[in-house]
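Please have the sequence and the 3D view at hand.

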Amino acid sequence: MQIQRKMKHGLIILGVVCLLCLQFPVRVSAQAGSAYDMINEVNAFRAANGLPAFSINGALMASAQAHADWISATGLGGHEGVDGTYAIDRAYIAGYGGGATIFVNENWARGYDLSVYNCIYVSWNDPDHNGNMLAAWHNEVGAGVSIDSQNRVTYILNVGHVSGSAPVVQPTAVPGGTITPYVQPLVTSTPDATGKIAHNVVYGDTLWTIATAYGITLDELLALNGLTAESTIYPGDVLIIRLGSTPEPTATSEITPTSTLKPSQTPRPTFTPMLTPSATPTPEKGQSVIQRIFSGEHLGVGIALIGISVLGLVLLIISTRRIR
């Protein structure tokens, strides 16, 4: 009987503990940090820029954690949450301000192995997100961290103030100058001639921030580069963001020459030599007829006359012999 009573008492105590756990859930710590780690880093960021630290507010903590859990449960991301509510709605429902006018802004991020440092100084490294973390008119903060079934970490940061409670604060000079934490903006690459986009990894880049910057899903980025959610990237790595289109070769028609044309030669001009007429020799004084016949142009005539004379003499001799 005593053993049964002890067992009953043990079951009762166990049930009470379970109920207490349901009423006061254990704070979820992400792989790279908790909600309080995030708040501490944000306050350090503010201090480095001459701003006072945020005060932690329970209602903002509750609304931020609820939204982080909702993102992990649904797989959806963004500022719009359950029933179409936004950060100011969720903070008001959680009791922030006690019914007074409130002002709330929100940062959110999600990624595999996303650390608090990379979340603040890489994922939120833009004017809008920095404007919330370095706001001079807000004075309270809440944060939430959740991990989903795919081991993705979701961070939520809510900053705000109740109307009339947060006068504008001018940043104060930090001794030795403002110490700004290392912030490396993610610079996207432009497509090449084929439309291919490749990203050169630099310090501070994460798979999630790269995918977000180029407007693709993390799964698409992993598939394009043969990576998994557990893969680690290093500065100097090159990741494919989009494949290029390889242009099809243009069909070239082959032309068979029917004849080979030799270059024509330009005919050279024919020059006709201009002959200068020689002067007709005039008979010189003192020459005899025979000298005139056998000189100059009459030489041929003289030779012809001698030939005829010789021929006549031969004929004469032949005829005389026949007569005898």
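Which residues of the largest nonpolar core touch the most other members? They are M38, I120, W124, Y155 and L157, out of 23 residues in that core. A nonpolar core here is a set of buried Ala, Val, Leu, Ile, Met, Phe, Trp, Tyr and Cys residues joined through side-chain atoms within 4.5 Å, and buried means under 20% relative accessible area (1.4 Å probe, protein chains only). This is a predicted model, in which local features need pLDDT of at least 70 and side-chain atom pairs count only at pLDDT 80 or more, while totals for chains, interfaces and linings use all residues. Residues are numbered from 1 along each chain as its sequence is written, and side-chain values use heavy atoms, with hydrogens and water left out.

At least two residues of this core come from each of α2 (35–48), α5 (116–123), β3 (140–147) and β4 (152–162), with α2 giving the largest share, 5 residues. Helices (H or I, at least four residues) and strands (E, at least two) are DSSP runs numbered from the N terminus.

Now look at strand β2 (residues 102–112): 9 of its 11 residues are buried, so this strand is largely enclosed by the rest of the structure. β2 pairs with β4 in the antiparallel sense over 11 bridges; pairing requires that DSSP finds at least two bridges between two strands.

Along this pairing, F103 stands opposite H161 in β4. H161 counts as buried because its relative accessibility is 9%. Its side chain makes a polar contact with the side chain of H138 at 3.0 Å. Such a contact is a pair of N or O atoms within 3.5 Å; within protein, one must be able to donate a hydrogen and the other to accept it, and residues adjacent in sequence count only if both atoms are side-chain atoms.

Key
Buried < 20%, exposed > 50% of the residue type's maximum accessible area, 1.4 Å probe, protein only.
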